[in-house]
Amino acid sequence: MVAAKVEGYQRIASEEEEEIAILKVGNPDMEGWDAAMARGCFVVDQVEGLAGALERLTSVAFSVVTRTAAAANQALVTVRDDLSVELSSEAVWRAATNGRWGKKEACRRDGRAVISRLGATLGSGSLFAPEGWGGLEIPRYSSNSVPQVRARLNGDFGSAMAGVPLAPSEFESLDDFVRTGCERARAKTIGVEGLVGGASGAPLRVSDHSSCEASEGARCFDITGTRISSLEQAERIARDRRAAKGYPFDGGWDDAAAPDLWFVPSGLHFVWPTVAPGHETLTVIGDDPSILAEVTTLSMQPAVFRIRGFLDAKEAKETVDRNRPRIKPSEVGLVGRAGDKTRTSSNAWDTSSPGARALINRAFRLLKVDPDRKLEDGLQVLHYENEQWYKPHVDYFTAKNGGAAADESAFSNANPTERNGTNRFATVFLYLSDAPSGGETVFPLSTTHLEYDGGRLTAENTVNTPGFIRNEDAEWVCDESSRALRVKPRVAEAVLFYSQRGDGSLDAYSLHGSCPIHEGEKWAANLWVWNRPRDAIDKIKSAAKAQFSVVFHNDHPDAAISLHWDDASTFTKMGDIQPGAHLSMNTFPGHAFVATPVDDPKLTLGRWTMRHGKTQIRISTYSPSKTERRPASPPKVFQ
Ligand SMILES: O=C(O)CCC(=O)C(=O)O
Ligand SMILES: [Fe+2]
């Protein structure tokens with residue numbers, strides 16, 4: 001239902017020769033509505049732009065309803081004596097998104113949800129004013145000033161307010177521009193609640209290792225993910241307001257439209273700005289600049305995007321064919337627990353085939369992260385059939401989701417906001433087949449997607465237990481009558497979602513899983529990218545896998561012996577073993593142990609190199625062949 005009707009449309013030229021359409025809206029079905037006529041001003045540069053403006057105007061109607069009941073916000077809304085209301089386009093966006101103004105469910109981050117709500121509100125004849133409106137500080141951009149961009153901080157997804165005006169022409173160098181933009185955007189954004197996509201999102205923070213110095217790696221991007229490489233480029237973007245077409249403020253930012261630039265402090269990776277659900281961007285993902293992928297926002301929190309044009313059907317088929325013979329039941333977690341009921345599908349790793357390498361490199365291009373083999377896990381191809389599923393989980397590692405069998409120290413640096421912290425950063429998830437029924441990728445914690453209508457999806461505290469969800473909630477979000485965000489597999493499409501936010505913090509909202517496949521099969525693939533080299537975790541992972549236990553028995557009738565671990569540079573005594581006694585310990589393949597008399601550690605009675613399967617070692621008799629005196633260690637040579 002469209003609750004508002006456009007009553008008039010007029011084209012005028014503004015002082016700056018921009019075409020402005022003035023549209024009047026009203027709702028004829030509602031008593032008293034005539035009086036509450038709204039006038040919204042939009043820059044409409046093409047007729048098709050008008051369609052978007054009209055759509056937004058239906059939200060204006062909503063805004064009018066709420067705003068006439070609430071105090072007017074002078075900066076954005078003027079309520080006239082005759083009760084007509086003038087709204088800036090930003091007010092419309094605010095009304096549609098309700099980013100920071102209202103806490104009520106009636107207002108969602110997208111126009112459509114608001115419109116359907118509006119229907120409901122009008123239907124019941126009640127007016128509704130969200131709490132907490134007004135009192136906003138609104139940056140003003142003067143139409144007379146030099147061209148400006150709006151500096152926003154990486155990961156500030158939801159806010160329309162935290163940006164700061166910045167004129168590229170006022171800077172001497174790109175480095176200065178980047179430093180200033182980054183610092184100001186930080187000052188405006190850090191610690192402020194509700195900027196990352198939802199009122200409940202934790203504020204962004206300064207990561208331990210990040211700085212705004214361009215020389216250390218701080219940089220900025222425009223809304224299409226293009227890295228800004230010169231002041232001229234930034235200036236051009238500032239001049240060309242229409243470069244930001246599609247952005248909710250394309251209708252003007254007060255007097256002057258200001259396109260966004262996104263500032264990424266050093267040590268952090270660019271995260272795609274979500275802008276609004278349904279927002280589309282085209283971006284280059286390969287060497288050929290004319291080949292573009294389409295990035296469409298599906299959810300603000302977590303940040304989820306649909307990617308079209310990432311691969312083609314032929315590549316999808318080749319990837320399936322290449323991996324079909326290699327597929328085996330999936331493991332879960334860092335060390336792997338085969339047979340885990342939370343994941344019943346099968347998978348295969350495809351890390352070095354040319355086909356896999358091409359896809360992996362493209363994922364880096366999509367993410368705007370420099371390709372680095374240490375930042376990726378390889379392509380993991382998945383196969384589901386016969387009701388197989390993957391219960392919702394997070395892709396990043398926590399001490400609880402895979403560390404149980406591994407050394408706890410594996411996670412001492414799994415916090416990417418800390419120096420050297422590394423974890424999974426983003427998932428590019430490829431659909432290699434359609435799924436006839438079921439098999440959707442579900443994001444149970446999103447309430448910021450277009451289909452969402454305010455209903456309950458999961459227990460309230462689910463986001464506080466990263467990676468964990470009640471079974472009944474997991475079932476409910478896959479139920480078609482729930483309004484959870486479910487992405488239907490379509491061959492050669494992909495989704496991108498982030499496990500980390502723009503400040504490197506792990507995002508518990510990224511909870512996701514695969515709904516059971518009811519019919520046919522589903523082929524898909526994970527491409528995981530880490531924020532920093534993953535070797536440290538790799539080492540612990542392979543070590544944890546390789547670990548086994550060994551028992552040394554002293555079968556010698558009367559002599560106690562000492563057992564030492566010889567790791568080539570140090571000789572560490574593990575313990576004494578009395579006659580007839582034994583010593584057991586955990587070890588790894590390749591470790592070497594040496595037995596000596598207790599009173600003569602230089603005399604080797606036996607030496608053993610560990611390998612799997614060799615778990616019982618008997619030290620029986622003094623063996624002359626094995627007895628030797630170890631030479632003093634050779635002097636170390638440093639080069
Ligand atoms: O199959 C899907 O849709 C999701 C799979 C997934 O989340 C994973 O493999 O980590
Ligand atoms: Fe996953």
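Modeller: A residue is buried if 20 or more other C-beta atoms lie within 10 Å of its own, with C-beta atoms placed from the backbone. This is a predicted model, where local features need pLDDT of at least 70, side-chain atom pairs count only at pLDDT 80 or more, and totals for chains, interfaces and linings use all residues. Residues are numbered from 1 along each chain as its sequence is written, and chains are lettered from A and ligands numbered from 1 in the order in which they are written.

Biologist: OK, which residues of α4 are buried?

Modeller: Phe 177, Val 178, Arg 179, Gly 181, Cys 182, Ala 185, Arg 186, Lys 188 and Thr 189. Helices here are DSSP runs of H or I with at least four residues, and strands are runs of E with at least two, numbered from the N terminus.

Biologist: And what do those buried residues pack against?

Modeller: The strands β6 (149–153), β7 (164–166), β8 (219–222) and β9 (260–264), plus helix α5 (231–239). Contact means C-beta atoms, placed from the backbone, within 7 Å.

Biologist: What follows α4?

Modeller: Gly 191, with a positive phi near 85°.

Biologist: Switching to ligand 1: which residues surround it?

Modeller: Leu 382, Tyr 390, Asp 395, Thr 441, His 512, Gly 513, Ser 514, Ala 524 and Asn 526. Near means a C-beta atom, placed from the backbone, within 6 Å of the molecule.

Biologist: Which strand gives the largest share of that shell?

Modeller: β22, with three residues. β24 (521–530) supplies at least two.

Biologist: And overall, how much of the protein is buried?

Modeller: 46% of its 639 residues.

Methods
A residue is buried if 20 or more other C-beta atoms lie within 10 Å of its own, exposed if 12 or fewer, and partly exposed in between; C-beta atoms are placed from the backbone. Two residues are in contact if their C-beta atoms, placed from the backbone, lie within 7 Å.
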